[in-house]
2 protein chains.
Amino acid sequence: MGKEDVGITVSKNDDFSEWYTQVVLKAKLADYAPVKGLIVLRPDGYSIWESLRSTFDKKFAKNGIRNGFLPILIPESLLGKEQKHFAGFNPEVFWVTHSGTNEIGDRLALRPTSETLAYTLYSKWIQSWRDLPLKINFWNTALRAEIKATKPFLRTSEFLWQEGHTVHVTQEEAEKEVMKILDIYKNTVEEELAIPVSTGKKSEKEKFVGAVYTTTMESIMPDGKALQMGTSHFLGQNFSKPFEVKFADKDNVEHFAWQTSWGVSWRLIGAMIMAHGDDKGLVLPPKVAPMQVVIVPIYRNDEGKNAVLPKVEEIKNTLESKDIRVHVDEREGLSPGYKFNDWEMKGVPLRIEIGPKDIEKESIVVAKRYNLEKINLNFKEIEKIPTILEEIQVEMLKKAKAEAKNNTLDISDYSEFKLKIEKGGFFNSPWCGKLECEDKIKEETGAEIRVIPFGSEDTNQKCIYCQEQSASRPIFARGY
Amino acid sequence: MGKEDVGITVSKNDDFSEWYTQVVLKAKLADYAPVKGLIVLRPDGYSIWESLRSTFDKKFAKNGIRNGFLPILIPESLLGKEQKHFAGFNPEVFWVTHSGTNEIGDRLALRPTSETLAYTLYSKWIQSWRDLPLKINFWNTALRAEIKATKPFLRTSEFLWQEGHTVHVTQEEAEKEVMKILDIYKNTVEEELAIPVSTGKKSEKEKFVGAVYTTTMESIMPDGKALQMGTSHFLGQNFSKPFEVKFADKDNVEHFAWQTSWGVSWRLIGAMIMAHGDDKGLVLPPKVAPMQVVIVPIYRNDEGKNAVLPKVEEIKNTLESKDIRVHVDEREGLSPGYKFNDWEMKGVPLRIEIGPKDIEKESIVVAKRYNLEKINLNFKEIEKIPTILEEIQVEMLKKAKAEAKNNTLDISDYSEFKLKIEKGGFFNSPWCGKLECEDKIKEETGAEIRVIPFGSEDTNQKCIYCQEQSASRPIFARGY
């Protein structure tokens, strides 16, 4: 391996976009596929997705949600059944027109999202109130053609996600489900990825095409831009009517059902990279790290090797018995310094260094990736490592919360808004609720309403744009 | 629910094909999607796939294999790079020609398999012997347009599968990997799905297009037809040459690498349905059953209910504490008889019946699904249920092995072959090794060489077709 393989060559502060791409590629999370807009996940990247999937699956199951499978092809005629929905997705749809040399009559769309397909089936599966609630989640990919430059995890034409689709007897139950899911999303992102989120509703302009309303969680990235981290939609009866998702109630009268849909995607991995990475590369929160501890044995000769390796093996076994994911870097011919840089670039939360002198002193050096702190642990304290990992997880969220707070400003004056938006950030600003002002602000500053936080209704202020009475204090920001 | 929803209306022996379809649909494993050739998995069907995936993942991980993600779109130019491979798949490929209203220059194939895409990337990722072995598995779907009638799990244009792709320094190591995987496949299918398999090589005619050779596992279904259950291919350097998958060895000389690829699909679920189901419906092996035990409380009035339900709850908790997947059928307004039929149709391995009289006698009735046997257990024996489930798993494999043995015949006479093939079965018959005889047998009887079992080399017989010296005793059968 040459020097050129090692390390990130730009600073996160100087060129955020280039820094991000280098981290993704050099930490071997992902790579570009031969088709523009598409990426491949390498095992270290996919493993993070598997970890998130497993956490969500447990929480979904507790909430009575089970997984299913939907095919990727949706006939054009079906996709067009809910017109606003179709108009929203149509420009990005990939169309299959041939199988082998045969032309296909009704063109087939690669799923941009599966509402139309799922609800066609739900309409067959649901007859009575006994069949409800019906709650199914699908782990798959969605395809939406991107014309802008590819950005791994953030802007790709195919992305891994989950889409959940539930059906309920009452509006109240469906709306509760929307909130339950948003809550699962929020606590998973905060607890597993150590990224704080702001939750609330999208504006009418920004909601999911076809929804009654969309709830969202948004995070602010270190470059001051907002990233949508997940959405949970209340669909009302907007789909149950055209798709005839009906049930006979206890009194045998037929009703249209109430529905929700919701999803998170591998964007969460992109957010994790941006939120925690530094100039040395990736920084992984311990809970989702494919490898939580790497042990680098240090020796110059066979004598050293014989002194060090048995202890390394012992530490490895101790940690594995506590369900810690450990790796021993036994690569020959690479210097300890090279290895340290390599594992730092890959973001492994803890590195243990152990050489003959450490054996004599009965202690090891433990380097924390997130703050680059080094501590000494004597052999008896090795038991503490699981606790140290838990503390790191907590500290990373604290640090990210403090940064997010720093980047969130209360701004009620439009000149200040226009000035400060150049540096980015979340701006809490009063708004009258009218589309016209929302459009003008977007046009003049590039900032959108990312989320109207729950409880941010506020009629005591003046709209930052038109000066009329405010309705709420949304978070405005430029977005990804 | 009307009577028409309940029960399978044809016998497995009378109309196997219709029986199969009814089981799939009525046990709610799968349903047809709006596009011909495509199916949807409902939670009870998908759960079986999740169980298999989890078992394979553990075994793959132990063998140093990790998971990754590949996009579904492959450019036509790339798919065509290995010509035989391309010619093999070309007629079944779905082609994407447009994104939105834009025509795509180099048409995009929906992955029929990912060798060409994976190896384009591997060629970038692999530089030195240090990067090998590289072993990545991908859980995804493959798309191959089916023109024949859709058969859930067995003949669909999109199917869930895993495809593994490994790269090695030496031929020997690659060939060992091929066998290791085949072994994982065999023991998983036998232990989890209770289906015996015959393993060996495919003939040159039947091997994977592009492989040096293909190893396979084949099972005989109750209708006497063979089903390919999984394949593990030795690719040699057939792909590493056109795709330039090269590595610098320790001496710094560049070599083409040795490769394998291998896969199993949701066909395994189809095989499980066929192998174990009966006239009452599905029969699930306990290890993969989404629900292993269903408890049906029986009572006519509140007094009975109050006597029964606390015990039901207690049994449920006892079993759950032993990691048994239990469900209590508390549906009101349905008779016990209706419920028994319903759970039998859905194949739940054990049903517990408990009414006021059982409470008095301190015992429960336990009905085994696979042989319809009913036993009484007193309350103290409830602890035995996990063991009973294990025994059922073993018994189901034994039973399936006996059936497979019954359907496997040694036949050396071609008139007998032609006569008996009408009833189906696995025929162990001597063969000279020539394509011509293989073709003629297929043409005249519909039977193909499904597998040449390991160790079946045999030069002491005469080819069943041409009477020349035999080379081996393959298994001939008509296939799915």
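Predicted model: local features only at pLDDT ≥ 70, side-chain atom pairs only at ≥ 80, totals over all residues.
**The interface as a whole**

Begin by selecting chain A and chain B together, where 59 residues of chain A are in contact with 58 residues of chain B. The two chains bury about 4,700 Å² between them, and 63% of that area is on carbon and sulfur atoms. The count of residue pairs in polar contact between chain A and chain B is 21, with both residues at pLDDT 80 or more. Next select helix α2 of chain A, residues 43–62, which gives the most to the side of chain A that touches chain B, with seven residues. If you colour that side of chain A by class, it shows 36 nonpolar, 10 polar and 13 charged residues.

**Two strands that pair**

Now select residues 94–99 in both chains, which form strand β5 in each, and see that these strands pair in the antiparallel sense over five bridges. To look at one pairing in detail, pick A:Phe94, whose bridge partner in β5 of chain B is B:Ser99.

**Salt bridges between the chains**

Across the interface of chain A and chain B there are four salt bridges. One place to look is the pair B:Asp44 and A:Arg66, whose side chains meet in a salt bridge with N to O at 2.9 Å. Then move to B:Asp31 and A:Lys124, whose side chains meet in a salt bridge at 3.0 Å, N to O. Because B:Asp31 lies in strand β1 of chain B (residues 30–32) and A:Lys124 in helix α5 of chain A (residues 115–125), this pair joins two chains. B:Asp31 counts as buried, at 8% relative accessibility, while A:Lys124 counts as partly exposed, at 44%.

**Salt bridges inside a chain**

Select A:Glu332 and A:Lys305 next, a salt bridge in which the closest N and O atoms are 3.6 Å apart. This pair links distant parts of the chain, 27 residues apart, with A:Glu332 in the loop between β16 (326–328) and α10 (336–345), and A:Lys305 in helix α9 (residues 302–321). A:Glu332 is partly exposed, with a relative accessible area of 46%, and A:Lys305 is partly exposed as well, with 26%.

In chain B, go to B:Lys368 and B:Glu373, which form a salt bridge with the closest N and O atoms 3.3 Å apart. Here B:Lys368 counts as buried, at 14% relative accessibility, whereas B:Glu373 counts as partly exposed, at 33%. As a last stop, return to chain A and select A:Lys202, A:Glu218, A:Lys442, A:Glu448 and A:Arg450, which are joined into one network by salt bridges that share partners.

Key. Residues numbered from 1 in each chain as written. Chains lettered and ligands numbered in written order. Heavy atoms only, no water. Contact = heavy atoms within 4.5 Å. Buried area = accessible area lost by both parts, 1.4 Å probe. Polar contact = N/O pair within 3.5 Å; in protein donor to acceptor, adjacent residues only side chain to side chain. Helix = DSSP H or I, 4+ residues; strand = E, 2+ residues; numbered from the N terminus. Nonpolar A, V, L, I, M, F, W, Y, C, P; charged D, E, K, R; others polar. Pairing = 2+ DSSP bridges. Buried < 20%, exposed > 50% of the residue type's maximum accessible area, 1.4 Å probe, protein only.
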